[in-house]
Amino acid sequence: MSKNALVSFKGTKNINTEIQLTGSKSECNRALIISALSKKLVKVENLSNAADTVTLNGILNKLGVEGNEPGGDSKLKTANSELVDVGPAGTAMRFLSAYLSAKNGNFLLTGTERMKQRPIGILAEALKTIGADISYAESEGFPPLNIVGPLDQKTAQVKIKGDISSQYISALLMIAPILPQGLTLEIEGELTSKPYVDMTLDMLAEVGIKHTWNGNLITIEPQVFKPGTLVVEPDWSAASYWYSIAALADEAEIALPALKEKSLQGDSQIKNIMKIFGIATTKTDKGIAISNLGLTLDTKEVLDLKTCPDLAQTIVVIAAALGKNMAFTGLETLKIKETDRIAALQNELAKIGVTLTEDNLVYTLNTDNLHFPDKVTFATYEDHRMAMAFAPLALLINEVEIEEMQVVEKSYPFYWEDLKKAGFEIGIK
Ligand SMILES: O=C(O)C1=C[C@@H](OP(=O)(O)O)[C@@H](O)[C@H](O)C1
Ligand SMILES: C=C(OP(=O)(O)O)C(=O)O
């Protein structure tokens, strides 16, 4: 049964703590797929306890690594398909669509009701062009998918739209080395969430997979994985909530061990963005430390979040709470994530008198009527990032109630324990 968190922070708002963040779910989910494709020649270290990673790991372990090579005519003729349920994990859905297409077997790939509304047609059609046997089990263009593998490669050249989700591109790039002809992806339109494609290519490079990227063409030839270990870094998207806590506190010194300034994760750019809100990041022997310098900058610039969509809720909520009428671009993909994150932000910010309005793809905050009631209950819409972005408001609101507190498990299961460690009181209703 779902429970709500009652979050408060009594006394002076000084935060002095050290938080050991879990591994990046994006890095983990790539590492797990790469490890399976390499038939376990590649090992993974520092696996995250994020539910999305636990789910993908469980699925891959159950499927085993036999039959991971396309090309033969080993298709299973059986009518019975194996059910593969990713729950709410977007990366697992997208990466497995490609992975299962290349694997010998007959699969029904599905997820939560929300997952069935998150588009997958661009990836499924690209896979079909390559030679995969995929059909839509319910609605055209959406999960669940019927997949009969292994694919019989027809072509190495495939066009793919870049502006809906980078996960489609990462999914294809990871299977490219094991395809008999490799792959050349021609990215059409603007590439959204580019750092996630860089992360995929960097992790492939770590295990010996070379690529070329010229203009909008990315090519990976057939290649073998080099044995090795992919060591997962802590999650920078999770770190963003500690920047938010630092920004809303009166004073803050927060150590985040093992976090790397130079990271494979694009969300590490939170360290630059948060300078606007007076948060300094320093490198330490153990990792990084963040502190509140007590001065915020007046920014008139429009902040483009196209390369870091998972930071959007964190940043929009901090700006709203600090009364900054900032403007943002690059938020187009937020509508197809765990929930329609634009609508969710609009609904919940209204509870503190803030509006977020769109004009020509520019989203502007109006905080002229910002106020903090004694208690506010925030809905989370089955979205971990709604819970984690709004809970820090307990530094400004006497009591914050976060509905369905367990949503955080998707990427950061120990979020509530870590808040307690930092001095927050967490009641459960
Ligand atoms: O590849 C990844 O690990 C991810 C890519 C991003 O999605 P989009 O490419 O759909 O923006 C991001 O929002 C998601 O949380 C993780
Ligand atoms: C969008 C997210 O995840 P996914 O697309 O993998 O479900 C997220 O973690 O914010």
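Where in the structure is the place of A422? It is in the loop between α12 (415-421) and β22 (425-428). The structure is a predicted model, in which local features need pLDDT of at least 70 and side-chain atom pairs count only at pLDDT 80 or more, while totals for chains, interfaces and linings use all residues. Residues are numbered from 1 along each chain as its sequence is written, and chains are lettered from A and ligands numbered from 1 in the order in which they are written.

**View 1. The surroundings of A422.** Helices (H or I, at least four residues) and strands (E, at least two) are DSSP runs, numbered from the N terminus. A422 counts as partly exposed because it has 18 C-beta neighbours inside 10 Å; a residue is buried if 20 or more other C-beta atoms lie within 10 Å of its own, exposed if 12 or fewer, and partly exposed in between, with C-beta atoms placed from the backbone. Leaving aside residues up to four places away in sequence, A422 touches I15, T17 and I245; two residues are in contact if their C-beta atoms, placed from the backbone, lie within 7 Å. From A422 to I218 the separation is 204 residues in sequence and 44 Å in space, C-alpha to C-alpha.

**View 2. Helix α7.** This helix covers residues 236-248 and has 13 residues. From first C-alpha to last it reaches 19 Å, close to the 18 Å expected at 1.5 Å a residue; the expected span is 1.5 Å times one less than the number of residues. Helix α7 is mostly covered, with 13 of its 13 residues buried.

**View 3. The two domains.** Domain 1 (5-23 + 234-428) and domain 2 (25-231) are given by the domain assignment of the protein chain; such bounds come from an automatic or database assignment. Their centres, taken over C-alpha atoms, are 31 Å apart. The contact takes 19 residues from domain 1 and 25 residues from domain 2. On the side of domain 1 that touches domain 2, the residues divide into five nonpolar, eight polar and six charged. Here Ala, Val, Leu, Ile, Met, Phe, Trp, Tyr, Cys and Pro count as nonpolar, Asp, Glu, Lys and Arg as charged, and the others, Gly among them, as polar.

View 4. R30 lies in helix α1 (residues 25-37) and counts as buried because it has 27 C-beta neighbours inside 10 Å. Among the residues that R30 touches are S170, M174 and M199. D310 lies in the loop between β16 (302-304) and α9 (312-321). D310 is buried, since 26 other C-beta atoms are within 10 Å.

**View 5. The shell around ligand 1.** The residues around ligand 1 include S26, T91, Q167, Y196 and D310; a residue is near a molecule if its C-beta atom, placed from the backbone, lies within 6 Å of it. Helix α5 (residues 166-175) supplies the largest share of this shell, three residues. By class, the shell has two nonpolar, nine polar and one charged residues.

**View 6. The shell around ligand 2.** Ligand 2 has around it A89, G90, T91, D310, K337, E338, R385 and S411. These are one nonpolar, three polar and four charged residues. At least three residues of this shell come from each of domain 1 and domain 2.
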